[in-house]
Amino acid sequence: GSFAPSWKSLIDEKLTSENVVDVTMVLNSVIARKDEAEVHLMKKAGGLASKTMKRACALRMEEIIDDDLKVTHLDFSNEIDTKIKARGDLCDSVFPPSVQSGGEYSLKL
């Protein structure tokens, strides 16, 4: 069909040599077969991320929305990071939690 050619022409139009980066090696490491230790660590990290979203982020976000609070992204990120570190899972964050938004939304029903 015409989907692939139209997609390729759009990519060719938008991408220039200044903003193209070769990510072959990164993708190879991501999709490479993992040993049992890596799989265990990935499951543990995924579980921690899920629990953090449920217990820290979602509850606090509901509170912020319901009470119409003004909380900066940095403050919210620091709150989440503090809760992660308080768990004591022998886990270190590589990066602080990223919190971003944009636009005006009416989230109340």
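**View 1. Buried residues of helix 4 in the predicted model.** The buried residues of helix 4 are F76, S77, I80, D81 and I84, where buried means under 20% relative accessible area, exposed over 50% and partly exposed in between, computed with a 1.4 Å probe on protein chains only. These residues cover an arc of only 135° around the axis, which puts them on the same side of helix 4; the arc is that of the directions from the helix axis to the C-beta atoms. On the other side of helix 4, L74, T82, K85 and A86 are exposed. Helices are DSSP runs of H or I with at least four residues, strands are runs of E with at least two, and both are numbered from the N terminus. The model is predicted, so that local features need pLDDT of at least 70 and side-chain atom pairs count only at pLDDT 80 or more, whereas totals for chains, interfaces and linings use all residues. Residues are numbered from 1 along each chain as its sequence is written, and side-chain values use heavy atoms, with hydrogens and water left out.

**View 2. The span of helix 4.** Helix 4 comprises 14 residues (residues 73–86), which at 1.5 Å a residue should span 20 Å. The end C-alpha atoms of helix 4 are 20 Å apart, in agreement with that expectation. The expected span of a helix is defined as 1.5 Å times one less than its number of residues.

**View 3. Packing of helix 3 and helix 4.** The buried residues of helix 4 pack against helix 3 (36–66), with contact meaning heavy atoms within 4.5 Å. The two helices pack at an angle of about 145°, and their axes are 10 Å apart. Axes are lines fitted to C-alpha atoms, for helices over the stretch in contact, and angles run from 0 to 180 degrees between N-to-C directions. Helix 3 passes helix 4 in a right-handed crossing; a crossing is right-handed if the near helix is turned clockwise from the far one by less than a right angle, and left-handed if anticlockwise. Helix 3 contributes T52, A56, C57, R60, M61 and I64 to the contact, and helix 4 contributes F76, E79, I80, K83 and I84. The residues of this contact divide into seven nonpolar, one polar and three charged. Here Ala, Val, Leu, Ile, Met, Phe, Trp, Tyr, Cys and Pro count as nonpolar, Asp, Glu, Lys and Arg as charged, and the others, Gly among them, as polar.

View 4. R60 lies in helix 3 and counts as buried because its relative accessibility is 15%. Leaving aside neighbours within four places in sequence, R60 is in contact with L69, V71, F76 and E79. S77, in helix 4, has a relative accessibility of 6% and therefore counts as buried. Not counting residues up to four places away in sequence, S77 touches P96, P97 and V99.

**View 5. D68 in the loop between helix 3 and helix 4.** Phi of D68 is near 50°, a positive value in a residue other than glycine. At 54% relative accessibility, D68 is classed as exposed.

View 6. S50 is found in helix 3 and is partly exposed at 32% relative accessibility. The C-alpha atoms of S50 and V94 are separated by 17 Å, and these residues are 44 residues apart along the chain. E36, also in helix 3, counts as exposed at 74% relative accessibility. Between the C-alpha atoms of E36 and T16, 20 residues apart along the chain, the separation is 40 Å.
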